[in-house]
Amino acid sequence: MITKPKGCHDIYGTEAKKWQYVNQVIEAMMEKYHYDYLRTPIFESSELFHRGVGEGTDIVTKETYDFKDRGKRDMTLRPEGTAGVVRWYVENKMYGGSCQPVKVYYHGTMYRYERPQSGRDRELTQFGVEVLGSDDPIVDCEVISIPVNLFRLLGLKEIKVNINSLGDKESRDRYREALVSYFTPHIHELCEDCRERLHKNPLRILDCKVDKENDILKNAPKTLDYLNETSKKRFDQVLTYLGAMGIPYEIDTRLVRGLDYYNHTVFEIEAKVEGFGAQNVLCGGGRYNGLVQELDGPETPGMGFALGMGRLMMALDKENISLPIKDHVELFILYVNEEEKCYAMYLAQELRMNGFIVETEYQGRGLKGQFKQADRLHAKYLLLLNSEDLKENLVTIKNNETKEEDKIDLDYLIYYLDEHLESEDSFHLGHDGEEMFLEEEVEEEEE
Ligand code: HAM
């Protein structure tokens, strides 16, 4: 038997419906925040990630899926979305447009050859946003507010926003030097990976999973002590705006993030719910003011985040949040003979095109079996086709819960169903007093 690759998932049934629901909420939110959807390729030239994500990062040195295509070009399955978005921005000279900043969002699969465990996959799905062309701290706060509000809308409560600043290039370079001087005399007390990181990427030592409880790490210099005046002022503004937006946060001076491109604001949001496990960071992001230039564009500021959809779904489960997913059939059409079967196919098509969730019989079961199947699918109404009735343009419709039956003219079927079935089709982000919430539009049933 061929099995799925390690660290990958098949998502089906109720679980898939939950993902779809969350995606719908994201779409609706992004519409309100006025971000454009962007789809970039799942593979890009390897050079993009080497230059974009950084040669010294674990993601690029240990985790990429690289291959040569048939034209012998070096290609890589994307490990994250930011590099591809910036490549698109530069390639299409989006910086030249008059409507700045450019605000986009994306979702899709990313690939990282990691050691699989709960919440850490090799094929992962991210939803992310990037804003290119504005250095204003309000952009940092808007970006942070997106996952915060998404979590609020979905009902997640046990979350914590951690924030830090790496400062501008000058501050980051000074901090880097301070770390190298601090860690050098202690380097033999740290793990092998940290020894390698010392000169390549000393910031990464700070979020080493092996040495995380080591006092050497705990007492290391703090980023905020190395910020120059401009960077300090900028970080204070970010915190002020977050306060104004009512977004609680904690400053975490050890938060440095695993990708090379960051400066100024960096943030992560953790799930604090019990039993979640070690991989509890739901999303992370930050500002990357040098990346557009690194990828051959003009100097352009950027800010974004990405959220692990698998981890979000786990957090919803752990907090026992039940999503209003549709998992029922509105109508089951029953038939016996060939003539009725033809009509069932015609009706199913008409009703589906009119917005109803319709099932019918596919296995050649007798009527008894069809009633059972309708029950298994939790069908709300049954349509009982009968050749004699069809000649007179009539059909029997039965409420599968109350067992009440009506024989109606087929011409009135859609009106009848509109009247009797609640429409749960549309939802939108509404505003009800203080809180934003997901509002279900339920048409009032006319008696
Ligand atoms: P990242 O921190 O590498 O950032 O990933 C963002 C989120 O993706 C993580 O917080 C986590 O929820 C999820 N994630 C990452 N790796 C895995 C994995 N192996 N299995 C399951 N989930 C995972 C980025 O990717 C940046 N591009 C974010 C960004 C956008 N920064 C600026 N703009």
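This is a predicted model: local features need pLDDT of at least 70, side-chain atom pairs count only at pLDDT 80 or more; totals for chains, interfaces and linings use all residues.
A polar contact, as used here, is a pair of N or O atoms within 3.5 Å.

**Stop 1: Arg112.** Select the side chain of Arg112 and the ligand together. One polar atom of that side chain lies 2.9 Å from a ligand oxygen atom.

**Stop 2: Arg257.** An N or O atom in the side chain of Arg257 is 2.9 Å from an oxygen atom of the ligand.

**Stop 3: Gly119.** Turn to the backbone here. A polar backbone atom of Gly119 sits 3.5 Å from a nitrogen atom of the ligand.

**Stop 4: the strands of the shell.** Select β6 (123-132), β10 (281-287) and β11 (302-308), the elements that each give two or more residues to the shell around the ligand. Colour β10 separately: with six residues, β10 supplies the largest share of that shell.

**Stop 5: the whole shell.** Show the 27 residues around the ligand; those that come nearest are Glu80, Glu114, Asp121, Glu130 and Tyr262. Colouring the shell by class gives eleven nonpolar, eight polar and eight charged residues.

**Stop 6: the domains.** The domain assignment gives domain 1 as 13-168 + 228-318, and domain 2 as 331-427.

How values were computed
Residues are numbered from 1 along each chain as its sequence is written. Side-chain values use heavy atoms; hydrogens and water are left out. Domain bounds come from an automatic or database domain assignment. A residue is near a molecule or strand if one of its heavy atoms lies within 4 Å of it. A polar contact is a pair of N or O atoms within 3.5 Å; within protein, one must be able to donate a hydrogen and the other to accept it, and residues adjacent in sequence count only if both atoms are side-chain atoms. Helices (H or I, at least four residues) and strands (E, at least two) are DSSP runs, numbered from the N terminus. Ala, Val, Leu, Ile, Met, Phe, Trp, Tyr, Cys and Pro count as nonpolar, Asp, Glu, Lys and Arg as charged, and the others, Gly among them, as polar.
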